[in-house]
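Here is a short tour for anyone meeting this structure for the first time. Have a look around before reading on.

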Amino acid sequence: SILGREPPAGKPTVVFCNPNGAFMQLIAMECKYIDFYLEQGYCVCLWNYRGYGRSTGKPSLSTNEKDVLEIHEKLSNEGYAPKIAHGYSIGGPLAIYLACLRPMSMLIADRTFGSIELVRIL
């Protein structure tokens, strides 16, 4: 399984898209959102964008879009049920992208951008 343990069947899951410059380990330790979701009974999926933390490669919008769809597919195949796409800052466009292409119960675009093309990212 993704986390090295068997997921509860159909456990609702949040796909959390990090802000720019923050890697998964930092967000997991300092983000109140994660605690909130866990207290509500959700699983939370965090990952490093390419080139962040221990991830290899070079970050870009197109690779991040590809990755978030692959993450959704992997979660679904492993018995998790992605229900919420939560994007924080630069993660907002990824959460929106995911919610546009995969059925989600909720989209949260938190402190994000109206147009990613106008933002010089990564």
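Two rings of Phe, Tyr or Trp count as a pair if their centres lie within 6.5 Å. Keep in mind that this is a predicted model.

## Aromatic rings

With that cut-off in hand, a search of the whole structure turns up six aromatic pairs. One of these joins Tyr37 and Tyr42, whose ring centres sit 6.1 Å apart with 75° between the planes. That makes the pair edge-to-face, because planes over 60 degrees apart get that label.

Elsewhere among the rings, Phe16, Tyr33 and Tyr88 make up one aromatic cluster.

Now for strand S3, which covers residues 80-88. Seven of its nine residues are buried, so most of the strand is covered.

Which strands does S3 pair with? One is strand S1 (residues 11-17), joined to S3 in the parallel sense over seven bridges; here Val14 has Ile84 of S3 as its bridge partner. Another is strand S4 (residues 106-110), also parallel to S3, this time over five bridges. In that pairing, Tyr88 stands opposite Asp110 of S4. To get from S3 to S4, the chain passes through helix H4 (residues 92-101), and this β-α-β crossover is right-handed.

## Helix H4

Helix H4 has several buried residues: Gly92, Pro93, Leu94, Ala95 and Leu98. What do they pack against? The buried residues of H4 pack against strands S1, S3 and S4, and against helix H3 (61-77) too.

## A look at Lys11

Lys11 belongs to strand S1. Is this residue buried, partly exposed or exposed? Its relative accessibility is 24%, so Lys11 counts as partly exposed; the cut-off for buried is under 20%.

Lys11 also shows how the fold brings together stretches of chain that are apart in sequence: Lys11 and Ala81 are separated by 70 residues, yet their C-alpha atoms are 5.6 Å apart. Setting aside neighbours within four places in sequence, Lys11 is in contact with Gly41, Tyr42 and Cys43, and also with Gly79, Tyr80 and Ala81.

Methods
Residues are numbered from 1 along each chain as its sequence is written. This is a predicted model: local features need pLDDT of at least 70, side-chain atom pairs count only at pLDDT 80 or more; totals for chains, interfaces and linings use all residues. Side-chain values use heavy atoms; hydrogens and water are left out. Buried means under 20% relative accessible area, exposed over 50%, partly exposed in between (1.4 Å probe, protein chains only). Helices (H or I, at least four residues) and strands (E, at least two) are DSSP runs, numbered from the N terminus. Two strands pair if DSSP finds at least two bridges between them. A crossover is right-handed if, with the strands pointing away from the viewer, the path from the first strand over the helix to the second runs clockwise. Contact means heavy atoms within 4.5 Å. Rings of Phe, Tyr and Trp (its six-membered ring) pair if their centres lie within 6.5 Å; planes under 30 degrees apart count as stacked, over 60 as edge-to-face and the rest as tilted.
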